[in-house]
Amino acid sequence: MALELKSSDNKIFEVEELVAVQSETIKSLVEDGCADNVIPLPNVDSKTLELVLDWCKNHVDMKLDEEKLKEYEDKFIEVDQAVLYDLLLAANYLNIKDLLNRACQKVADMLKGKTPEQIRETLNIVNDFSPEEEEEIRKENLWAFEE
Amino acid sequence: MTLSLSLSLLKKKKKKEKETVTPAFQPLASANPKPLTSLMAESSTQSNSKRQTLSPGKDAVVDRISSLPESLLCHILSFLPTKELIATSILSTRWKLLWTLVPKLDLDSDKINTLELSLHDDDVEDAREIMFAHVVSSVLAQQECGELQTFRLRWEIWSDGSHLDAWLGTAAARKVKELDLEILMYDSDVGNLKLPPSFFSCRTLVVLKLSGDIDIDIDIDTPSLSFNFPSLKILHLVEISLPMPSIMYSQEHSFLRLLSGCPVLEDLSFTTTDFSEGEYKLCVPTLKRLSFGETDFNYSDYELEINAPALEYFEFYGDLRAIKFYEKLDNVVQSDVYISRYVPEGFRRKWVFNLFAALNNVKFLSFSPRGTEWHNLGNIYPSSFQNLVELKFKVNGCSWNVLQDLLQKAPNLETLVITNGYDSVESNLYWKEPQYDPANLSSLTSFYYRGFKGLKDEVELVKYVLKEARVLKTATFQVSSGESKESVLEKLSMFPRCSTTCLLRVE
């Protein structure tokens, strides 16, 4: 059975039900019998939706080949930050647990092994602490800021 | 709120009495008591009174991460070990208290350094211990989330592990779901760490991992110190990678008593390295995944009887022992069997036979028979593997006959993966083509050979497969470095191929 999904920029995607129901959100719509018409997804643009559906399709195809799947996932998540956040938000909104976790893991990896200054640079975070405030935070858990 | 509106319209069409908020809008499964109203904003922007306006030059480059919904940000942060997590508190005011909302503790004593201490060398280790203990306690105290999902501790203990009792008490009170303890005792005089009384009160556990120098001590006379984990689904008792003994079973069969206290256990793994002589009966009707084996040779003669009819995944590694299954595993889907070698006198053909009898229904099998005596055993497969669809076989030069026999017993095999695992053992055994049977390899569509070296037996096997597999679609060869891909491909292309649609690939 095929379902029709509509992205925020009005592009229609036809997808196998088995693939689409990896999204718990879509799954509950199907179970409630609300998926007969086109399902609008105003929070996901076509570019992101295409990626998400590729993820879902591959997870159906490679379900039992753990090695192959891991290879795919590692390659899939090598995207630039902007795309990563779009994927993250889409996975959250569509409630696709494994994609959400993988994307979160990827963002977390960006935070690892970096000094706060380096993290701010990578993620474009503006430091709005005063030097005194910063010092206080450091002192509270000094061990966490040591190499 | 356009989305919830459109979805609720869809739902109303069917006149169902449901909430208008779809699951996606609910906070991620964290027991954070704070109202996450920020989640109701479905777009990525979120008003934040403290957010600075960006300087004009930075227009193209935006801080998207800080404006993610709080629960999503906490979910990302939950993938960080606690030390890195707390370091994020300094990034900006938005991040200052986020870490306290992450319901996880993940600390490694090795990664937490001592401060400058002007103490004598003797006192340094004690000071380190005190310091680490202080860190753990202070993290627990600073956390604002009511419930604790995960308590993960890797602790190298110099002498005093008594703080664990208080920490586990706190974890139990906060309904901890996952407990992961890796303990290393430096001082062998002190002995292994005994699980404190508060451990037994962690009744909400779903996942339990213990490894290292820990004693599982059960006092059957004190009910409060007995294993009673009504929600435990995953139990992994593993060895750490240092050359230390694995989990010591301080009482006879206390391991089995542990299992009887876990009525919904689904996933169990343990090492048999320290099993002493005797009969061990494992009875876990809910078990779906089982993995065990030896990490170091065990000289004892033990027997393991397994009653786990719901098993779907079975893994064994090490020297095969008398492992008896009560009955054939009807639900087994995947099995990884790695038999490291065996002691010729002790090895019994019937052990392997029994193993494969139990695994007869398997769909995905990975088999690696090491050692040199396989050709003396004769047939080790009781019957045909009707459901076997994928076989991964690691051949070592002495086990060609094992592969040969298996290929004759797998009429529905679709994927065959051979890995060259030749050890340095000399062998005068070789691949022999099985007797002709039209069923052999009749369903094979994919063939992979990993570590192809072009050895005589490998070539013979490849020739056989290409010749017999009528519906073969792809044959992929992974060659070791030093081999020219083109020359290998050329050579392989010369072999007669039965399937007209077969694609040869060398990587």
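## Interface between chains B and A

In this predicted model, Arg64(B) and Asp86(A) form a salt bridge (a side-chain nitrogen of Lys or Arg within 4 Å of a carboxyl oxygen of Asp or Glu), with 2.9 Å between the closest N and O atoms. The count between chain B and chain A is one salt bridge. Eight residue pairs in polar contact, both at pLDDT 80 or more, are counted between these chains. A polar contact is a pair of N or O atoms within 3.5 Å; within protein, one must be able to donate a hydrogen and the other to accept it, and residues adjacent in sequence count only if both atoms are side-chain atoms.

On the side of chain B that touches chain A, at least two residues each come from helix H1 (2–13), helix H2 (70–77), helix H3 (82–87), helix H4 (121–142) and strand S16 (390–395). Helices (H or I, at least four residues) and strands (E, at least two) are DSSP runs, numbered from the N terminus. H1(B) gives the largest share of that side, six residues. Contact (heavy atoms within 4.5 Å) joins 60 residues of chain B to 51 residues of chain A. The buried area (accessible area, 1.4 Å probe, that two parts lose on being put together, summed over both) is about 5,100 Å², with 64% from carbon and sulfur atoms.

## Aromatic residues of chain B

Over all chains, the whole structure holds 25 aromatic pairs. Rings of Phe, Tyr and Trp (its six-membered ring) pair if their centres lie within 6.5 Å; planes under 30 degrees apart count as stacked, over 60 as edge-to-face and the rest as tilted. Phe292(B) and Phe314(B) are edge-to-face because their planes stand at 65°, with the ring centres 5.8 Å apart. Phe292(B) lies in strand S10 (residues 289–293) and Phe314(B) in strand S12 (residues 313–318), so the pair links parts of chain B that are 22 residues apart.

Phe292(B) is buried at 1% relative accessibility, and Phe314(B) is buried at 0%. Buried means under 20% relative accessible area, exposed over 50%, partly exposed in between (1.4 Å probe, protein chains only).

## Ser23(A)

Ser23(A) sits in the loop between helix H1 (17–20) and helix H2 (24–31) of chain A, and is buried at 2% relative accessibility. A polar atom of its side chain lies 2.6 Å from the backbone oxygen of Leu94(A). Beyond neighbours within four places in sequence, Ser23(A) contacts Leu94(A), Asn95(A) and Ile96(A).

## Conventions

Residues are numbered from 1 along each chain as its sequence is written, and chains are lettered from A and ligands numbered from 1 in the order in which they are written. Local features need pLDDT of at least 70 and side-chain atom pairs count only at pLDDT 80 or more, while totals for chains, interfaces and linings use all residues; side-chain values use heavy atoms, with hydrogens and water left out.
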